[in-house]
Amino acid sequence: MKAWFVGLQPRERMILIGGAAVAVVLLLWLAVLKPLHSQAAILRESVAAKQRLLVSLAQIDGQSPGHTVSPGTGQTLVVLVSNTAQQQGIALTRTRPDGPDGIQVTFSNVSFDTLVAWLVALESETSVAVESASFTSGRQQGVVNGQLLLRRS
């Protein structure tokens with residue numbers, strides 16, 4: 001093969017090398033860059049959907065001052081948070097009181113959508129709001145691990 005290549009005219013060698021370079025670039029595009037570009041588009045749409053959800057939550061939060069005192073306000077915050085999380089199917093890995101009206105909650109492998117629905121229910125039904133939150137993505141898409149600081153208002 002090397003003898004055949006050396007036997008080619010210089011112009012033929014340049015054409016062959018150029019064609020090989022184009023083929024390598026085309027294979028790189030089809031095998032690596034195109035799938036990455038497609039996945040990035042999917043992730044952008046997911047972010048846009050979560051941003052729309054965030055806007056909806058902000059609108060709900062704007063409506064919350066007019067709501068009445070809800071059931072569960074006689075329970076301790078630890079019991080209230082644990083019970084409502086269990087009702088939503090969220091397994092809390094750790095809860096720790098943070099003062100008289102706060103609780104730190106740690107969870108893992110929870111669906112983000114389920115978590116947001118639980119937090120909205122806590123806010124609207126029991127006046128327990130998120131003061132701070134920290135999330136990391138889980139192994140599966142749409143699953144998160146994290147910590148919350150919840151405070152009863």
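Predicted model: local features only at pLDDT ≥ 70, side-chain atom pairs only at ≥ 80, totals over all residues.
Which strands form a hairpin, and which residue in the turn has a positive phi? Residues are numbered from 1 along each chain as its sequence is written, and side-chain values use heavy atoms, with hydrogens and water left out. The hairpin consists of β3 and β4 with five residues between them, and Gly142 in the turn has a positive phi of about 85 degrees.

The chain contains four helices and four strands, where helices (H or I, at least four residues) and strands (E, at least two) are DSSP runs numbered from the N terminus. The order of the elements from the N terminus is α-α-α-β-β-α-β-β. The radius of gyration, taken over C-alpha atoms, is 27 Å, well over the 15 Å that the globule rule (2.2 Å times the number of residues to the power 0.38) gives for 153 residues, so the chain is more spread out than a compact globule. Along the principal axes, the C-alpha atoms fill a box of roughly 90 × 30 × 25 Å. Buried residues (under 20% relative accessible area, with exposed over 50% and partly exposed in between; 1.4 Å probe, protein chains only) make up 21% of the 153 residues.

Strand pairing, for which DSSP must find at least two bridges between two strands, places β4 beside both β2 and β3. β2 and β4 are antiparallel over eight bridges, and nine bridges join β3 to β4, also in the antiparallel sense. Gln147 in β4 is the bridge partner of Thr106 and also stands opposite Ser134. Strand β4 is mostly covered, with seven of its ten residues buried.

A nonpolar core is defined as a set of buried Ala, Val, Leu, Ile, Met, Phe, Trp, Tyr and Cys residues joined through side-chain atoms within 4.5 Å. The largest such core has 17 residues, and those with the most contacts inside it are Val81, Leu115, Trp118, Leu119, Leu148 and Leu150. Two or more residues are given to this core by each of α3 (77-88), β2, α4 and β4 (143-152). When neighbours within four places in sequence are set aside, Val81 is in contact (heavy atoms within 4.5 Å) with Leu92, Ile103, Val105, Trp118 and Leu150.

Aromatic pairs were assigned to rings of Phe, Tyr and Trp (its six-membered ring) with centres within 6.5 Å, planes under 30 degrees apart counting as stacked, over 60 as edge-to-face and the rest as tilted. Phe107 and Phe135 form a tilted pair, 6.2 Å centre to centre with 50 degrees between the planes. Phe107 lies in strand β2 (residues 102-111) and Phe135 in strand β3 (residues 128-137), so this pair ties together parts that are 28 residues apart in sequence. Phe107 counts as buried at 2% relative accessibility, whereas Phe135 counts as partly exposed at 36%. Phe112 and Phe135 form an edge-to-face pair, 6.0 Å centre to centre with 80 degrees between the planes. Because Phe112 lies in helix α4 (residues 112-126) and Phe135 in strand β3, the pair ties together parts that are 23 residues apart in sequence. Phe107, Phe112 and Phe135 form one aromatic cluster.

The loop between α4 and β3 holds Ser127, which counts as buried at 15% relative accessibility. Ser127 and Arg151 are 24 residues apart in sequence and 8.4 Å apart in space, C-alpha to C-alpha.
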